[in-house]
Amino acid sequence: MSSGAGPGGVRAMRVTALVLCGGRGSRMGGVDKPLELFQGRPLVHHVLERIAPQVQGRVVISANRHQAVYERLGYPVLADSLSDFQGPLAGLLAGMTFLRTSQAHAGGTAAVGGDEWVLCVSGDSPWLPVDLLQRLAAALGVGSSAMLGSGAWGGHALSGSPASGGARDTSSDSAMAWGREAPGAPLRSQPLASLIHTRHLPALSDALARGERRVEAWLRTLPLAEVPFDRPQDDHAFANINDRSQLERPHPAP
């Protein structure tokens with residue numbers, strides 16, 4: 001996919017999804033949580049099922065354990081360059097570095113490398129919106145005609161408040177979702193559901209070197225749009241699995 005004008009004047013984009021599976025799993029006794037079974041399949045399978053079609057199979061996986069297992073999913077697998085489980089920002093650093101420096105990779109269902117944006121998601125969120133990329137990109141006035149076929153998208157661009165609507169935010173090049181983690185819950189910022197331009201790789205590297213480990217704190221140093229996911233079908237879209245009892249439920253408890 002190449003950049004250029006898309007339908008309706010929406011600029012085309014090149015984007016790869018980064019599925020973050022590199023954590024300690026400390027809330028569940030140190031298990032590799034994305035590989036835990038949920039409804040008969042590993043959690044990460046549910047995430048890939050929702051995310052991979054949005055990026056035409058352009059996916060990389062951040063994982064620091066069981067890499068051979070993740071490789072069998074058919075996508076490139078990246079370990080953190082920082083040791084001792086430094087958190088999601090370290091996985092994001094590995095993913096953005098790969099996309100900025102690699103020209104192509106044959107490990108997935110589509111070539112990746114050199115892409116301009118990374119769609120960052122968590123490997124333990126099995127209900128992510130099937131239009132996550134579409135709505136985040138709409139807030140920036142960018143999109144891929146090859147993926148989506150149309151520039152006429154729903155979604156919101158924000159100005160100051162995640163509950164406000166408005167025109168596309170042409171001053172921003174990255175976007176973060178706001179969404180619910182259970183039916184009836186308030187909208188909360190979702191830093192692990194973000195669309196980030198890879199031009200911010202040097203800033204990310206510098207932030208990590210200074211000791212920053214908070215994803216949202218770093219995102220807020222970028223030109224960032226905040227996008228509410230507040231439609232009825234989004235009522236638990238950003239729930240993730242944090243204990244074994246949740247693995248037994250088809251939907252999160254209100």
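So, how many disulfides does the count come to? Zero, taking a disulfide as a pair of cysteine sulfur atoms within 2.5 Å. Buried here means under 20% relative accessible area, exposed means over 50%, and partly exposed is in between, with a 1.4 Å probe and protein chains only.

Before going on, some ground rules. This is a predicted model, where local features need pLDDT of at least 70, side-chain atom pairs count only at pLDDT 80 or more, and totals for chains, interfaces and linings use all residues. Residues are numbered from 1 along each chain as its sequence is written, and side-chain values use heavy atoms, with hydrogens and water left out.

How confident is the predictor? pLDDT is its confidence in each residue, from 0 to 100; the mean for the protein is 78, and 69% of the residues reach 70 or more. Over residues 144-161 the pLDDT is below 50, though that stretch has 51 contacts in the model beyond near neighbours in sequence. Residues 163-167 are below 50 too, with seven such contacts. A contact is heavy atoms within 4.5 Å. Where pLDDT is low, the predicted coordinates should not be read in detail.

Now the fold. We have eight helices and nine strands, which are DSSP runs numbered from the N terminus: helices are H or I with at least four residues, strands are E with at least two. Seven of the strands make an open, mixed sheet in the order 5-4-1-6-8-7-9. At the edges, pairing on one side only, sit strand 5 (77-78) and strand 9 (224-228). For pairing, DSSP has to find at least two bridges between two strands. Strand 7 (residues 174-179) and strand 8 (residues 188-197) run antiparallel, joined by five bridges; Ala177, for one, has Gln190 in strand 8 as its bridge partner.

Onto the sheet packs helix 4 (residues 132-140), which touches strands 1, 6, 7, 8 and 9 and makes about 70° with the direction of strand 8. Angles run from 0 to 180 degrees between N-to-C directions, and axes are lines fitted to C-alpha atoms, for helices over the stretch in contact.

Helix 4 is mostly covered, with eight of its nine residues buried. Among them are Leu132, Leu136 and, perhaps worth a look on screen, Arg135.

Last stop, Ala63, in the loop between strand 4 and helix 2 (67-71). Is Ala63 buried or exposed? Buried, with a relative accessible area of 0%. Its C-alpha is 8.7 Å from that of Val19, 44 residues apart along the chain.

How values were computed:
pLDDT = per-residue confidence, 0-100.
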